[in-house]
Amino acid sequence: MIAYLEHFVHENETDTIPDTYSRNDDAALLCTDMDIQGSIDYGSPTTSLAAKDFGGIQAAKPSAVVRPAGADDISRVVKFASRSGTMTVAARGNGHSINGQAMSDGGLVVDMRSMDSSIDVVRLHSGDVVVDVGGGALWEDVLRRCVLGYGLAPRSWTDYLRLTVGGTLSNAGVSGQAFRYGPQTANVTELEVVTGKGDTLKCSESQNSELFFAVLGGLGQFGIITRARVLLQPAPDKVRWIRVVYADFDEFTRDAESLLTLPEGEDSSFDYVEGFAFANSDDLVNGWPSVPLDPNQSFDPTLKPCSAGPVLYCLEVALHYRNVDRRSTVDRVVERLLGRLSYCEGLEYQVEVSYMEFLLRVKHAEQQAKANGIWDAPHPWLNLFVSKTDIASFDRLVFQKILKRGIGGPMLVYPLLRSKWDDRTSVVLPEGDIFYIVALLRFSLPYPEGPPVEEMISQNREIIQTCTKCGLGLKLYLPHYTSEDDWKQHFGNEWTRFVERKARFDPMAILAPGQKIFPRRNRQSS
Ligand code: FAD
């Protein structure tokens, strides 16, 4: 692979590199040379903060943290790094990665949150309305600006919105709207990107299209997203948020999949489809009490069939509507749509919330988790895409055996349609028209009150090994590997394209070193 990349580094690009720069050089000296409008911090606590992430498992301290004033600054930083044989640059969104993906050990971290994050709504010639937003803006801010200012909203979200636009577009961005609109990466019309060569380029499906598709789901490998244009649609006022419970996994998946293909249109299907598995027990966090949507609701275990196994399943759906819609009309639509489903009678929960409340629902969980200390504890999360053909085996081997007591947090499982994902992006998916996202979102108190983090990591490993041994078709979402062989296997047939894109847009492998895909190319070795 290195030999392949070498081919793309031209003589004149290496001519000006001073021999003396190395990662151990005084960062202050290096940074003076950058000549940027923003600021640079090379002392604690800023660098210590950039050495950590939400996962709380890895740590890698950068030499300095750059707060760019704009794309020009980022371009200068990347060009500066390219003059060294070892310097790397990691864009840091909100640092909500699990495995150090936004870190740069001894290199430079670009704090995207500090960049201009103006959020403008624009009507394009095509008639589409988009939000033009900085790569470091939080989706939560995009929501507030678009809904409160214009009555508009992006079509596809993540469950939690304190993530940056650039951070989720570098992965995919998946939530319960993705079955209809695809992931967030499928809802972008244009990007502004600073490549690993330091070039600032606009790209879209029709302009610099290879860069556009490379960057979407590209794990930060090809460029730093400084702006994005995201499609908008009219925002609803309200949401009927519903959960129904299943004892049988086949019935759960049959119903969930049936909702994906209902014709789109007013009242003909739900606007959001997700689901999760939970322990068939009275455990407060992992069991029945995790299902009701409102403190006034309760889970009556006598309503589940005697045949129920150690794990139950909850289908979570939502219907959008406007303030002008009559309650009785909404009731009728919900009744008709739920009437198609075969969940356990009586195990059904509904609440009405505003659209903003619905999209900010994880924020409340965040506040509670912060109060009881589990937000800042380590989070060895595991996210997978599992093919439809193997999801029943996954249930049998993983949910019903390895995870039957739960994980101290949500175990999401819901289907997605491959046709809504653009295979020109860098995201890799398992085979088949339908696949499932499985998100094992572990929340535990720090050891000794909670389990040792090594135990949780080893359980994740056991899950992967079990699935691999049984030949289950799956791909890691938000992948984390450390060896080239594992990355090759992850990308499969797309590996060659990924390597070619790297060679073209970041030939010295300066960007996103925390993903541990490509070693920094030292010009000395050419
Ligand atoms: P960071 O962790 O800061 O960065 C992630 C990667 O992207 C790094 O490699 C970084 O270098 C690169 N990067 C960051 N910014 C840019 C940029 N502007 N340009 C290019 N590369 C960049 N994901 C979902 O899909 N759906 C969910 O519902 C969901 N919910 C989540 C809930 C929580 C509580 C958490 C912690 C994570 C969740 N995620 C979800 C995962 C999340 O989308 C990813 O971890 C995402 O990368 C985090 O965004 P960030 O802004 O914190 O990125």
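I am working with a predicted model, in which local features need pLDDT of at least 70 and side-chain atom pairs count only at pLDDT 80 or more, while totals for chains, interfaces and linings use all residues. Residues are numbered from 1 along each chain as its sequence is written, and side-chain values use heavy atoms, with hydrogens and water left out.

I looked first at the nonpolar cores (buried Ala, Val, Leu, Ile, Met, Phe, Trp, Tyr and Cys residues joined through side-chain atoms within 4.5 Å; buried is under 20% relative accessible area, exposed over 50%, partly exposed in between, with a 1.4 Å probe and protein chains only). The largest has 91 residues, and among the members that touch the most others I noted Leu-143, Leu-191, Phe-278 and Trp-421. A second, separate core holds 49 residues, including Leu-259 and Leu-476.

For Leu-191 I listed contacts (heavy atoms within 4.5 Å) beyond four places in sequence, and found Leu-169, Phe-212, Ile-225 and Arg-227 among them.

The bond from Ser-44 to Pro-45 is cis, with omega near 5°, and Pro-45 sits in the loop between β1 (39–41) and α4 (46–50). Tyr-447 and Pro-448 are also joined by a cis peptide bond, with omega about 15°.

Asp-35, not a glycine, has a positive phi near 60°, and I recorded it as exposed because its relative accessibility is 56%.

Notes:
Helix = DSSP H or I, 4+ residues; strand = E, 2+ residues; numbered from the N terminus.
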